[in-house]
Amino acid sequence: MPTITGGCLCGALRWDYSGTVGPAAYCHCSDCRRITGSAFNISVPVEAAAFRIIKGTPRGFAKLSDAGVELTRYFCPDCGSPIFGSSPRHPETFYVKAGSFDDPGLIRPSHQSWTQSRVAWSSISTELPGFAKGRSY
């Protein structure tokens, strides 16, 4: 099984994983929107025992979720990039942020949760203009 790698924006925090990558999930809850600064979060379940921080030390922030479950979200203390989350309800699983994977092609979203909290503008229309490398002004 190949080793999967990832890390933060500034490179101070790196991780690796040797195991099965679970199906990714979109979450629209208000906590996930705030932690990502976006309309939703995309996380990928992995086996906690096979996930290793190989560079740096993440900082954690614990909070009781709307579902009444304590979640600890880990991020790079230097650049703030979210890396993974954990819960005492599922100690065998970490939920790695899709954006922290070096190979985004590994991410396969399978479902959404907390759709009642979805923001109206989070749908991405294919009619919206796109730019391969940015936009000239």
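Predicted model: local features only at pLDDT ≥ 70, side-chain atom pairs only at ≥ 80, totals over all residues.
**Entry 1**

Three strands make an open sheet, ordered 1-2-5, and the pairing is antiparallel. Strand 1 (4-7) and strand 5 (51-55) are the edge strands; each has a single partner strand, so one side of each is left without a neighbour in the sheet. From one strand to the next, the twist averages 25°.

Next I took the pairs of strands in turn. Strand 2 (residues 14-17) pairs with strand 5 over four bridges, in the antiparallel sense. Here I found aspartate 16 opposite arginine 52 of strand 5. Strand 1 and strand 2 are also antiparallel, with four bridges. Glycine 6 has its bridge partner in strand 2, namely tryptophan 15.

Strands of a sheet pair through backbone hydrogen bonds, and they run either parallel or antiparallel.

Strand 3 and strand 4 pair over three bridges in the antiparallel sense. Tyrosine 26 has isoleucine 42 as its bridge partner in strand 4.

**Entry 1. Two loop residues**

I looked at alanine 49 in the loop between strand 4 and strand 5. Is alanine 49 buried or exposed? Its relative accessibility is 84%, so I count alanine 49 as exposed, the cut-off being over 50%. I also looked up its distance to tyrosine 17, the residue I started from.

Then I turned to serine 81, which sits in the loop between strand 7 and strand 8. Serine 81 has a relative accessible area of 13%, so it is buried, the cut-off being under 20%. A polar atom of the serine 81 side chain lies 3.1 Å from the backbone nitrogen of leucine 9.

**Entry 2. The largest pocket**

How much space lies in the largest pocket? I noted about 610 Å³. Its lining has 26 residues; Cys27, Ser43, Leu71, Tyr95 and Ser113 lie nearest the centre. Among the elements that give two or more residues to this lining are helix 1 (30-36), strand 3 (24-27), strand 4 (41-47) and strand 10 (109-113). I sorted the lining by type: 12 residues are nonpolar, nine polar and five charged.

**Entry 3. The second largest pocket**

This pocket holds about 160 Å³ of space. Which residues line the second largest pocket? I listed Thr36, Ser38, Phe40, Asn41, Ile42, Pro82, Lys97, Ala98 and Gly99. They divide into four nonpolar, four polar and one charged. Ile42 ties this entry to Entry 2: it lines this pocket, and it is the bridge partner of tyrosine 26.

Conventions:
Residues numbered from 1 in each chain as written. Heavy atoms only, no water. 1 Å grid on protein atoms, 1.4 Å probe; cavity = no way out; pocket = protein on both sides within 12 Å on 5 of 7 lines; lining within 4 Å. Points joined across faces, edges and corners; volume = space filled by probe spheres on them. Nonpolar A, V, L, I, M, F, W, Y, C, P; charged D, E, K, R; others polar. Pairing = 2+ DSSP bridges. Axes fitted to C-alpha atoms, helices over the stretch in contact; angles between N-to-C directions. Buried < 20%, exposed > 50% of the residue type's maximum accessible area, 1.4 Å probe, protein only. Polar contact = N/O pair within 3.5 Å; in protein donor to acceptor, adjacent residues only side chain to side chain.
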